[in-house]
Amino acid sequence: MEWGMANRFAQLIQPDGHALFLPVDHGYFQGPTRKLEEPRKTIEPLLPYADALFITRGVLRASVDPDNSKPVILRVSGGTSMVGKDLANEGITTSLEEAIRLNASAVGISVFVGSDYEKESLLNLAKLVDDGERYGIPVMAITAVGKELEKRDARYLALACRIAAELGARVVKTYWCEDFSKVTGGCPVPVIMAGGPQVDTELEIFEFVHDGMQNGSIGVNLGRNIWQNDFPIAMIKAIRAIVHGNATPKEAQEIYDSEKNSQAKKS
Ligand code: 5RP
């Protein structure tokens, strides 16, 4: 690996080989989604606990101070919306020149395997990888499912992750699922887990993050289940303890409960 690529990677993946990325890019197709209406307010308190931010250039410029930031993974695909015809019909929205200007440590792009736009999204990934390799910028591929959340099973996700890796992604972000080792085992590059829409209990998140880490994932890129929680700092600290401290789901729950209680007392 070239020095620049290796150095960018080292900014993202910590010395223990694990990573906690905080995604706040959702507005690029969801608009002012719940609890991310004012991104600065969401991002600032969580920043100390994140290893990197996954973010669009617009929110980065407007809502993150350049002198008090974390490494940036720039979301560079988009062009669709929740109310449009098809979320899968994405293009590349941001040039590599812009990514370099913004001092991004990596760029991220969604691929939509099995959709009507499978070929376009995969060729977008391949083109981005060509450019990224030229400038030493790692590309993170996101195995997106659009509104079809039921696609999140090992067979589909293993297929999508492997294809993304074959096309040159340096990291693949996917969803956790049952039999997650089938996904990580078939993917020759590091796999990071997204969270998906907010679930009912914190323990569900701690359990899947723990299971994913035990089964070959290097970490998370987990957003709504952190910042849509009523106690986001408690949530990110608990998840961090699993990712970087090898905590069990029960220990993570204890961390969450104790942080929640002390924050509740202060307010
Ligand atoms: C949405 C994304 C998010 O970065 C990804 O889905 C992770 O966030 P969450 O945990 O909220 O699903 O790609 O555009």
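I'll start with helix α9, residues 202–214: at 1.5 Å a residue its 13 residues should span 18 Å, and its end C-alpha atoms are 19 Å apart, which agrees. The expected span here is 1.5 Å times one less than the number of residues in the helix. Before going on, this is a predicted model, in which local features need pLDDT of at least 70 and side-chain atom pairs count only at pLDDT 80 or more, while totals for chains, interfaces and linings use all residues. Residues are numbered from 1 along each chain as its sequence is written.

Staying with α9, which residues are buried? They are E202, I205, F206, F208, V209, H210, G212 and M213. Buried means 20 or more other C-beta atoms within 10 Å of the residue's own, exposed means 12 or fewer, and partly exposed is in between, with C-beta atoms placed from the backbone. An α-helix has 3.6 residues a turn, so residues three or four places apart point the same way. The cover over the buried residues of α9 includes α8 (180–185), β9 (191–194), β10 (219–221), α10 (224–227), α11 (232–245) and α12 (249–266). Just after α9, G216 has a positive phi of about 105 degrees.

Now the whole chain. It has twelve helices and ten strands; these are DSSP runs numbered from the N terminus, H or I of at least four residues for helices and E of at least two for strands. The radius of gyration is 17 Å, close to the 18 Å that the globule rule gives for 267 residues, so the chain is as compact as a globular protein of that length. That radius is taken over C-alpha atoms, and the rule is 2.2 Å times the number of residues to the power 0.38. Of the 267 residues, 47% count as buried. Among contacts between residues at least 6 apart in sequence, 66% join residues at least 24 apart.

Next, strand β2, residues 52–55. Both of its faces are covered, with A52 and F54 buried on one side and L53 and I55 buried on the other. In a regular strand the side chains alternate between the two faces of the sheet. β2 pairs in the parallel sense with β1 (residues 19–23) over three bridges, where pairing requires at least two DSSP bridges between the strands. F21 stands opposite A52. β2 also runs parallel to β3 (residues 72–75), joined by three bridges, and there L53 has V72 as its bridge partner.

On to V107, in strand β6, residues 106–111. V107 is buried, with 29 other C-beta atoms within 10 Å. Leaving out residues up to four places away in sequence, V107 touches I73, L74, V76, A99, L128, G132, I137 and V139.

Two loop residues have positive phi without being glycine. K35, with phi near 70 degrees, is in the loop between α2 (27–30) and α3 (39–46). K35 counts as partly exposed, with 17 C-beta neighbours inside 10 Å. D179, with phi near 55 degrees, lies in the loop between β8 (171–175) and α8. D179 is partly exposed too, with 13 other C-beta atoms within 10 Å.

Last, the ligand. How many residues surround it? There are 13, and the closest are P23, A194, G195, G223 and R224. By class, the shell has five nonpolar, six polar and two charged residues. Ala, Val, Leu, Ile, Met, Phe, Trp, Tyr, Cys and Pro count as nonpolar, Asp, Glu, Lys and Arg as charged, and the others, Gly among them, as polar.

Technical notes: Contact = placed C-beta atoms within 7 Å. Near = placed C-beta within 6 Å.
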